[in-house]
Amino acid sequence: PKRTADAHGAGGGGRSSGAASTEPLGESECLSFWTMLSCLLIFRLSAAMLAPIMDCDETFNYLEPVHYITRGSGMQTWEYSPQFALRSYALVEAYAVPVW
């Protein structure tokens with residue numbers, strides 16, 4: 001640690017800092033960016049693989065349209081139908097890539 005001058009001005013020209021050292025932490029004292037990123041990715045992937053589908057909207061808004069695109073059969077939800085077209089097929093097509 002860095003030493004500070006005492007109250008009587010020894011080595012500090014009469015000024016007392018009294019504050020702690022502001023030196024940055026070394027790599028051994030904090031986690032690196034890549035360590036934190038890899039921990040986050042492991043957590044997110046395990047949560048995605050182990051979590052069951054809890055909401056029916058997850059099935060009908062994403063999985064059914066994927067099945068409809070890849071297999072040509074299944075339910076087409078009203079949000080994706082040409083009549084309303086409230087949602088884009090971009091996300092659904094991204095989900096469909098591993099299926100093809």
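A contact is defined here as heavy atoms within 4.5 Å. By that definition, residues 24 or more positions apart account for 29% of the contacts in the chain with a separation of 6 or more.

The model is predicted, and local features need pLDDT of at least 70, side-chain atom pairs count only at pLDDT 80 or more, and totals for chains, interfaces and linings use all residues. Residues are numbered from 1 along each chain as its sequence is written, and side-chain values use heavy atoms, with hydrogens and water left out.

**Overall architecture**

The chain contains three helices and zero strands, where helices (H or I, at least four residues) and strands (E, at least two) are DSSP runs numbered from the N terminus. Read from the N terminus, the order of elements is α-α-α. Of the 100 residues in the chain, 12% are buried; buried means under 20% relative accessible area, exposed means over 50%, and partly exposed lies in between (1.4 Å probe, protein chains only). The chain exposes about 8500 Å², of which carbon and sulfur atoms supply 62%. Accessible areas come from the Shrake-Rupley method with a 1.4 Å probe, and for residues only the protein chains shown count as cover.

**Aromatic pairs**

A pair of aromatic rings is described by the distance of the centres and the angle of the planes. Rings of Phe, Tyr and Trp (its six-membered ring) pair if their centres lie within 6.5 Å; planes under 30 degrees apart count as stacked, over 60 as edge-to-face and the rest as tilted. The count by this rule is four aromatic pairs. In one of them, the ring centres of Y62 and Y95 are 5.9 Å apart and the planes stand at 75°, so this pair is edge-to-face. The pair links distant parts of the chain, since Y62 lies in helix α2 (residues 56-71) and Y95 in helix α3 (residues 90-96), 33 residues apart. Another aromatic pair, W78 with F84, is edge-to-face, at 5.7 Å centre to centre and 85° between the planes.

**The loop residue G74**

G74 is placed in the loop between α2 and α3. Leaving aside residues up to four places away in sequence, G74 touches E64, H67 and Y68. G74 and E64 are ten residues apart in sequence, with 6.4 Å from C-alpha to C-alpha.

The accessibility of residues discussed above is listed here.

| Residue | Relative accessible area | Class |
|---|---|---|
| Y62 | 27% | partly exposed |
| Y95 | 47% | partly exposed |
| F84 | 45% | partly exposed |
| G74 | 45% | partly exposed |
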